[in-house]
Amino acid sequence: MDLAELNAIAAHERASRKPIRIACCTSLGCYASGAVELQQQLTAGVAATGRAENVEVVGVGCMGFCGHGPLVRIEPEDLLFEHVRPEQAPAIIAALDGGPCDVERGDPRHPFFARQLPIVRRNGGVIDPERIEAYIAAGGYATLYRVLHDVSPAEVIDQITRSGLRGRGGAGYPTGLKWATVAKSPGERKFVVCNGDEGDPGAFMDRSILESDPHLVLEGMAIAAYAVGAHEGYLYVRGEYPLAIQRLTRAISQARRHGLSGSQIFETAFDFKVEVRVGAGAFVCGEETALIASIEGRRGQPRPRPPYPAERGLWGCPTLINNVETFANIVPIIERGADWYASIGTARSKGTKVFALTGKIRNTGLIEVPMGITLREIIEDLGGGTPDGTPVKAVQTGGPSGGCIPASLFDTPVDYESLAAAGSIMGSGGMVVMDAGTNMVEIARFYMAFCMDESCGKCVPCRVGTVQMHHLLDKLVNGQATSEDLVQLEALCQIVREMSLCGLGQSAPNPVLSTLRYFRDEYAALLNAPSAAAPQPTD
Amino acid sequence: MAGALPRAAPAQEQDLAAPTVDNRQKILQATMRRHQYRPDALIEVLHKAQELYGYLSPTLLATVAHDLHLPPSRVYGVATFYHFFSLAPQGAHTCTVCLGTACYVKGAAALLAALEAETGLKAGSTSADGQLSLLTARCLGACGIAPAVVLDGLVIGHADAATLRARLHALLAQPPLAEEHHGSR
């Protein structure tokens with residue numbers, strides 16, 4: 001493969017496009033709502049009405065408006081249809097001629113779409129994720145070509161550093177710094193690992209990226225490997241994501257067939273081969289040292305750091321671990337330059353962030369917004385508030401490691417530091433909206449039950465502490481707790497936070513601490529008055 | 001309540017069906033060979049074994065340990081650590097209720113309670129006739145269509161108790177499935 005061949009594939013793909021395009025979202029949300037049958041009906045309908053000459057029906061990645069799926073979009077008119085049932089295929093085809101159509105219409109200019117800034121999701125809902133040609137036609141792999149031929153590894157790292165990109169897995173460690181550390185770690189053999197173990201309940205950004213644009217992640221990993229001097233990579237994906245695994249596996253074999261993965265990529269000396277590793281259902285494997293253990297075929301238990309994986313990771317070799325969304329940002333940054341990327345966002349949080357907007361919200365789905373947007377804008381403008389118009393009470397960000405932010409703080413800008421100051425974290429991007437009917441103590445118990453089940457059992461503070469905290473929260477919810485129990489709960493929060501080995505335990509108290517901080521009255525209301533709880537003294 | 005799959009149920013020793021009519025062992029061997037019997041392929045191999053046999057019996061675990069040159073304790077440790085692996089046979093049909101945050105906020109707990117009442121099963125258990133397993137999942141990532149339930153591998157979005165009840169009845173009314181059923185993936 002050389003540049004001429006790449007350009008030829010792109011040109012051929014563009015030339016074979018038909019004037020009218022009916023795009024069906026085939027990501028999980030729509031897939032589960034009947035999108036595949038719908039696509040078949042549309043294809044059959046187009047053929048039956050003799051329009052196959054100038055109309056094509058394509059399956060595309062996630063359009064983002066998951067709560068309104070299955071979604072269908074007609075281009076170039078930009079007509080959006082929602083909640084489309086397979087039997088409505090003829091009506092959609094009739095709409096091509098401007099005929100009457102009773103299918104529910106969506107508004108592509110709705111703030112949900114208009115307020116977004118798609119960078120990593122730019123191909124989502126646009127290209128067919130199952131065909132490498134579609135990715136190449138959208139400019140794919142041209143950046144890798146340019147990097148391999150014209151840019152030195154040090155320059156790549158410099159670009160990433162200057163872009164200000166920070167880890168999208170949640171902790172926000174500067175990506176350029178991590179790459180530089182791996183690059184200068186001595187070692188013949190190095191690895192690049194993509195963390196697709198998206199375990200936070202309520203988060204599906206990485207799934208959507210992998211399902212909608214798998215080559216964007218692969219290209220980003222290849223550029224990273226070139227920059228740090230690695231030749232082998234692993235993509236660790238949750239076992240709960242069969243569609244993402246299937247599309248990734250297909251993407252890797254397509255890339256290999258086209259000489260874009262494997263040996264001597266683009267006829268240079270650069271080799272890079274990638275393998276998919278399927279997780280087996282353990283939240284703790286999102287922690288980087290646990291993830292390494294899991295790739296090595298062991299129990300996913302973390303180990304103390306340092307040494308960090310950048311120095312000693314997979315099989316003792318220097319290893320670069322980044323999240324799916326982080327890798328998905330690499331190609332756009334190299335393509336358009338660090339200065340362009342750094343111009344988006346706030347002083348310390350650059351670029352965009354993808355969020356999964358779920359819970360009691362009218363417009364459920366996936367959004368990509370510039371850093372610095374406020375929670376209020378996301379929830380009220382993009383999300384449209386609660387479905388029944390009742391006031392939003394709080395939003396939970398960061399999953400079991402994050403916290404609940406009350407409505408009074410909705411003017412908080414979305415950046416790493418502001419969310420941390422509000423007692424939560426950026427996290428990987430789950431945003432669960434809660435209304436007045438949500439009991440915050442029950443939510444805290446829900447997350448604690450999660451951490452208790454998912455604790456790997458290696459260190460005592462997490463293994464025992466989460467059980468004790470869950471027990472106390474259980475007592476609270478059941479109205480059996482005393483004020484001493486509440487004191488004990490807060491003390492345990494501090495112990496588990498400060499003494500646990502890894503991020504799971506260290507952050508497990510966060511949902512309790514943040515709900516205590518903002519909704520203490522709900523805890524207080526559940527307390528059993530001490531006098532009533534104590535046995536009545538008998539004279 | 002455990003995670004995605006039941007783990008605590010006592011694993012019954014079951015004969016791995018007669019090799020003469022069974023090419024599952026061959027497929028499993030091929031998988032191990034493809035990984036050059038490397039110990040680090042353990043999780044991949046266990047995924048394959050469970051896909052083929054539906055669950056990981058003690059005999060199966062012992063075979064894997066022997067062939068990958070790993071101590072049985074290590075294989076058992078890994079198999080019990082991960083939620084995905086099941087050491088007990090699953091029902092011919094599976095119904096998995098997602099208990100992720102988005103589903104929880106949208107009433108998944110009540111949905112699960114309704115299903116428990118309907119089937120008489122506790123979450124994580126299998127009916128006595130081996131026809132149905134009622135399971136829970138941590139998060140399927142289908143939050144956009146919460147609450148989500150997976151019936152025999154088919155994801156159902158915006159699930160409600162009445163529809164589920166009807167679909168479960170329809171499923172269980174079908175003639176019993178043979179033992180060949182390979183889980184929900």
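Trainee: How much area do chain B and chain A bury between them, and what share of it is on carbon and sulfur atoms?

Mentor: Before anything else, keep in mind that this is a predicted model. Now to your question: chain B and chain A bury about 3,400 Å² between them, with 58% of it on carbon and sulfur atoms.

Who takes part? On one side there are 35 residues of chain B, and they are in contact with 50 residues of chain A. Within chain B, the residues that lose the most area to chain A are F81(B), T101(B) and R138(B), and together they make up 19% of what that side buries.

The rule finds three salt bridges across the interface of chain B and chain A. One of the salt bridges in the model pairs D40(B) with R277(A), and their closest N and O atoms are 3.5 Å apart. D40(B) sits in the loop between α1 (24–34) and α2 (42–53) of chain B, while R277(A) belongs to strand β8 (residues 273–278) of chain A, so this pair joins two chains. Is this pair buried or exposed? Both D40(B) and R277(A) are buried.

While you're in that loop of chain B, stop at Q36(B), which also lies between α1 and α2. Its phi is near 55 degrees, a positive value in a residue other than glycine. That's worth a second glance because most residues other than glycine have a negative phi, and most peptide bonds are trans. Q36(B) counts as exposed because its relative accessibility is 57%, whereas D40(B) is buried.

E267(A) has a positive phi of about 55 degrees although it is not a glycine. You'll find E267(A) in the loop between α12 (242–257) and β8 of chain A, and β8 is the strand that holds R277(A). With a relative accessibility of 58%, E267(A) counts as exposed.

And the peptide bonds? In chain B, the bond from A146(B) to P147(B) is cis, with omega near -5 degrees. P147(B) is in the loop between β3 (132–137) and β4 (149–151) of chain B. In chain A, a cis peptide bond joins G69(A) and P70(A), with omega about -10 degrees. P70(A) lies in the loop between β2 (55–60) and β3 (72–75) of chain A.

Back to salt bridges, now inside chain A. For the whole structure, a search over all chains finds 41 of them. Take E417(A) and R166(A), whose side chains meet at 3.2 Å, N to O. This pair links distant parts of the chain: E417(A) is in helix α17 (residues 416–421), R166(A) is in the loop between α8 and α9 (175–184), and they are 251 residues apart. E417(A) is partly exposed, with a relative accessible area of 28%, but R166(A) is buried, at 13%.

R376(A) counts as partly exposed at 27% relative accessibility, and E380(A) counts as partly exposed at 40%. Salt bridges can also share partners, and in that way R21(A), E56(A), R73(A), E75(A) and D78(A) are joined into one network.

Finish with two helices. Helix α8 (residues 153–163) and helix α14 (residues 324–336), both of chain A, pack at an angle of about 100 degrees, with their axes 10 Å apart. That angle makes α8(A) roughly perpendicular to α14(A). On the α8(A) side, V156(A), Q159(A), I160(A) and S163(A) do the touching, and they meet I330(A), I333(A) and I334(A) in α14(A). The residues of this contact divide into five nonpolar, two polar and no charged.

Methods: Residues are numbered from 1 along each chain as its sequence is written. Chains are lettered from A and ligands numbered from 1 in the order in which they are written. This is a predicted model: local features need pLDDT of at least 70, side-chain atom pairs count only at pLDDT 80 or more; totals for chains, interfaces and linings use all residues. Side-chain values use heavy atoms; hydrogens and water are left out. Axes are lines fitted to C-alpha atoms, for helices over the stretch in contact, and angles run from 0 to 180 degrees between N-to-C directions. Helices (H or I, at least four residues) and strands (E, at least two) are DSSP runs, numbered from the N terminus. Angles under 35 degrees count as roughly parallel, over 145 as roughly antiparallel, 65 to 115 as roughly perpendicular and the rest as oblique. Contact means heavy atoms within 4.5 Å. Ala, Val, Leu, Ile, Met, Phe, Trp, Tyr, Cys and Pro count as nonpolar, Asp, Glu, Lys and Arg as charged, and the others, Gly among them, as polar. A salt bridge is a side-chain nitrogen of Lys or Arg within 4 Å of a carboxyl oxygen of Asp or Glu. Buried means under 20% relative accessible area, exposed over 50%, partly exposed in between (1.4 Å probe, protein chains only). Buried area is the accessible area (1.4 Å probe) that two parts lose on being put together, summed over both.
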